[in-house]
There are 2 protein chains.
Amino acid sequence: MHAQSQASSQVNAQNNRLLGSLDPDVYQRLAPKLELAAMTRGEIICPPGSKLTHAFFPVSGIISLLHMLEDGATGESAVVGNEGMLGVVIFTGGYTMTIEATVQNEGYAYRLPAEVLMDEFNRSASMRDRLLKYTQALLAQTSQTAICNRHHTVQQQLCRRLLLTLDRLPGNELHMTQEQIASTLGVRREGISEAAGRLQLAGLISYKRGRITILDRDLLEEYACECYQVVKDECERLERIPASPRKHLPYSTERRRRVRPPPPGNH
Amino acid sequence: MHAQSQASSQVNAQNNRLLGSLDPDVYQRLAPKLELAAMTRGEIICPPGSKLTHAFFPVSGIISLLHMLEDGATGESAVVGNEGMLGVVIFTGGYTMTIEATVQNEGYAYRLPAEVLMDEFNRSASMRDRLLKYTQALLAQTSQTAICNRHHTVQQQLCRRLLLTLDRLPGNELHMTQEQIASTLGVRREGISEAAGRLQLAGLISYKRGRITILDRDLLEEYACECYQVVKDECERLERIPASPRKHLPYSTERRRRVRPPPPGNH
DNA sequence: AGAATTATGTGAGTAAACGCACATACCAAT
DNA sequence: ATTGGTATGTGCGTTTACTCACATAATTCT
C-alpha cells in the first residue's frame, strides 16, 4: 500500500501528540517539511552509533529503543509511539545513540530532517518546551524500566509491556509474537509462554500465533507492576504543565498514589 | 568543617566538569550566583515529586538517583558526580522527578538557583549545548542501567558500581557500607557481602566496615560488565563533540570495542 | 572496660528464571 | 492434501539470587 494513500484519520500528523501540541504557527512552519514514512515490523530505523538524519514522529506503530549486549542478549529501555518522538539526540547534540531504534509494531511516522528540527528548536520557545518535556518523559520511562527490570517478575513486566503497547495502538488486538516480546523484555521466550498462558487462563488476554487480544484491560493493570502507572502519571503531568508557567508553581511533595487491590499471585 | 574554608583545589567550581567546560563569559556570569553547599552522606537533596529549587554541580561526592517502589525496594538509575549535575528537570520543564536524589558519598557541590540556570539556558547557546549533551549522557547511563539490571550478575554490577564511584572521587578508597551498595543496586546486603568477599579473595579490593580500597583497578574493569565502558565511552564521545559542529559530521556506524580477556567466573 | 550499636560473614532452604530438548499446533505454499 | 516453516507448550535439571536466621567482628557509647 502506498503511504500517501492512507486514510487521513490514521496518518494526520496531528495524531502524533507531540506534533499536535505545538503552537499553531510552529506547526504550520513544520508541516511542509514533514514526510510520511511507513515503518515495517523489524525495521531498524537507526543502528547504534549511526547518525540519525531525521526525527520520527509516529502516528501509529511503535518504535522500540533496544539494547544489545556483546553476548547478543537484548532488552528495551523505552518505547516510542504516537505520544512522542525518536530523535532526542538531534537536539541534545550527540547525533548518535548507544542503542538501536527498531520498529516493534508496524505503522506510520512523520519524519522531519534533523536540521529542520534543530532550527525550530533554536528558534521557538514553544518547540523547545514540548521537546524538552518529552525528553524528561523519556528519561522517566527509561529510569522506571531500570528499577522494573531489577524487581518485578516476568509476568508483571509482560502486563506492563502489553499496556504500553495498548496505549499506543488503536483497538485491543496487538500483533506481536512471544519471541518478540521476550526480546524486548530481555527474557526467554519460554518465560513469556508461561506467563502469557497464565494470563490467558485468568481471562485477561487471548492469543494465537502473534495475535494478542486484550479481554480485560482493568485486570491487566492490576496484574501489572506499579511501573506502568508511575510513568503514565508522570507523562500526563508533564503534558499538563503549561509552556510559560507562573513564576511560583504550587509546591508539592505529594505524588499520586492509586489505591489498588492486592496483586494476584504469579501462579 | 565550614564549607568556605575548604582547600580551594577541592572546592573550585571549575572542578565540576560541566561548569568547567562552559564558555568563559557564561561562566563569569554564573560564578557570582554559585554557592558552595556541603552534601552529607544520606542527605536527601530532593524527594520524589518535590520541586527542585537549585541545580547541583558536585565538585566532590556523589549524588544517587534512587527509585523506591511501593513495597520499599530500591534501586539506582544513575549517579551524578563532578562530571555532571543534578537538575536536568529544571530546563526540561518538569520541575519535579519521580525519583529521589540522595547523597551517596559526601562532598561539596555548587548550587545555582533554578531561575538563574533557566535564564542562562535560554540566553546562551553554549550553556544549552553543555546541558543538553549532559542530558544525553544521563539518558545513556540510565538506559544502560536498565539492561544491566536485566542481564548481569550482582558481582559484575558491583564492579561497575565501584568503578562509577572511583571515577568520581579522588584516591582509591571509597566510603560506603555493603548495606549502602546493596540498596543502590537493589539487591540484598548478603549478596554484596558474598560478591565483595570474592573480589577481596581475588585481590581486587580490600575493605572493612565501610572502607573499600581498590587494589587493582584494571582487574576490576575486567570483572565488571561491559556497561561501565559503554557509558564511559559515550560520555567521552559527547564531551568531545564541539558546540557548533561542521555542517556535515563524519558519518560513523562504528562503536569502539575493547578487546577484553575472557571474564573470570563468578566463583 | 564493658555494653550497645553497627557492619559483615555464613549457612540452609526456597523461588524465579535459565538453558536445553523436544512436542505440538498453526499457517502458508506447492 | 502434504510439506515445511514458524509459533507455542512443556518438562527437567541448573543457576542465581532471595528469605530467614544467626554468628562474628569492629566501632562507639557510657
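## Briefing: a two-chain predicted model with two DNA strands

DNA strand D is surrounded by 21 residues, the closest of which are A:Thr177, A:Gln178, A:Ser193, B:Thr153 and B:Gly191. The model is predicted. Chain B superposes on chain A through a rotation of 180 degrees with 0.0 Å of shift along the axis, at an RMSD of 0.0 Å; that is the relation of a two-fold axis. The points below cover the DNA surfaces, the contact between the chains, and selected helices and loops.

**Surface near DNA strand D**

- Helix H8 (178-185) and H9 of chain A, together with H9 of chain B, each supply at least two residues of the surface near DNA strand D.
- H9(A) gives the largest share of this surface, with six residues.
- By class, the residues near DNA strand D comprise four nonpolar, eight polar and nine charged.

**Surface near DNA strand C**

- DNA strand C is likewise surrounded by 21 residues, and the closest are A:Thr153, A:Val187, A:Gly191, B:Thr177 and B:Gln178.
- The elements that contribute two or more residues here are helix H9 (189-201) of chain A and, from chain B, helix H8 (178-185) and helix H9 (189-201).
- H9(B) provides the largest share of the surface near DNA strand C, six residues.
- Four nonpolar, eight polar and nine charged residues make up the surface near DNA strand C.

**Contact between chains A and B**

- Chain B contributes 46 residues to the contact, and chain A contributes 46 residues.
- On the side of chain B that touches chain A, strand E5 (74-80), H4, H6 and helix H11 (227-240) of chain B each supply at least two residues.
- The largest share of that side, 15 residues, belongs to H6(B).
- The side of chain B that touches chain A divides into 18 nonpolar, 19 polar and nine charged residues.
- Because 100% of the interface residues of chain B are also interface residues in chain A, the copies meet through the same surface.
- B:Ala146 is the residue of chain B that comes closest to the rotation axis, with its C-alpha at 1.8 Å.

**Helix H6 of chain B**

- The 27 residues of H6(B) should span 39 Å at 1.5 Å a residue, and the end C-alpha atoms are 39 Å apart, which agrees.
- H6(B) is mostly covered, with 25 of its 27 residues buried.

**Helix H5 of chain B**

- Helix H5 (residues 114-123) of chain B has B:Leu117, B:Glu120 and B:Phe121 as its buried residues.

**Chain A and its helix H11**

- Chain A has 11 helices and 10 strands.
- Of its 267 residues, 48% count as buried.
- Among contacts in chain A with a separation of 6 or more, 76% join residues 24 or more positions apart.
- Helix H11 (residues 227-240) of chain A has 14 residues and reaches 20 Å from its first C-alpha to its last, close to the 20 Å expected at 1.5 Å a residue.
- The buried residues of H11(A) are A:Cys227, A:Tyr228, A:Val230, A:Val231, A:Glu234, A:Cys235, A:Arg237 and A:Leu238.
- These buried residues of H11(A) pack against helix H6 (125-151), helix H7 (154-168) and helix H10 (217-223) of chain A.

**Two loop residues**

- A:Glu43 lies in the loop between strand E1 (35-39) and strand E2 (44-46) of chain A.
- A:Glu43 counts as partly exposed because it has 15 C-beta neighbours inside 10 Å.
- A:Glu43 and A:Gln104 are 61 residues apart along the chain, and their C-alpha atoms are separated by 8.1 Å.
- B:Gln14 is found in the loop between helix H1 (8-11) and helix H2 (17-20) of chain B.
- With 13 other C-beta atoms within 10 Å, B:Gln14 is partly exposed.
- Leaving aside neighbours within four places in sequence, B:Gln14 is in contact with B:Leu19 and B:Gly20.
- The C-alpha atoms of B:Gln14 and B:Asn82 are separated by 9.5 Å, although the two are 68 residues apart along the chain.

Terms used
Residues are numbered from 1 along each chain as its sequence is written. Chains are lettered from A and ligands numbered from 1 in the order in which they are written. This is a predicted model: local features need pLDDT of at least 70, side-chain atom pairs count only at pLDDT 80 or more; totals for chains, interfaces and linings use all residues. Copies are superposed by least squares on the C-alpha atoms of residues with pLDDT of at least 70 in both. Two residues are in contact if their C-beta atoms, placed from the backbone, lie within 7 Å. A residue is near a molecule or strand if its C-beta atom, placed from the backbone, lies within 6 Å of it. Helices (H or I, at least four residues) and strands (E, at least two) are DSSP runs, numbered from the N terminus. Ala, Val, Leu, Ile, Met, Phe, Trp, Tyr, Cys and Pro count as nonpolar, Asp, Glu, Lys and Arg as charged, and the others, Gly among them, as polar. A residue is buried if 20 or more other C-beta atoms lie within 10 Å of its own, exposed if 12 or fewer, and partly exposed in between; C-beta atoms are placed from the backbone. The expected span of a helix is 1.5 Å times one less than its number of residues.
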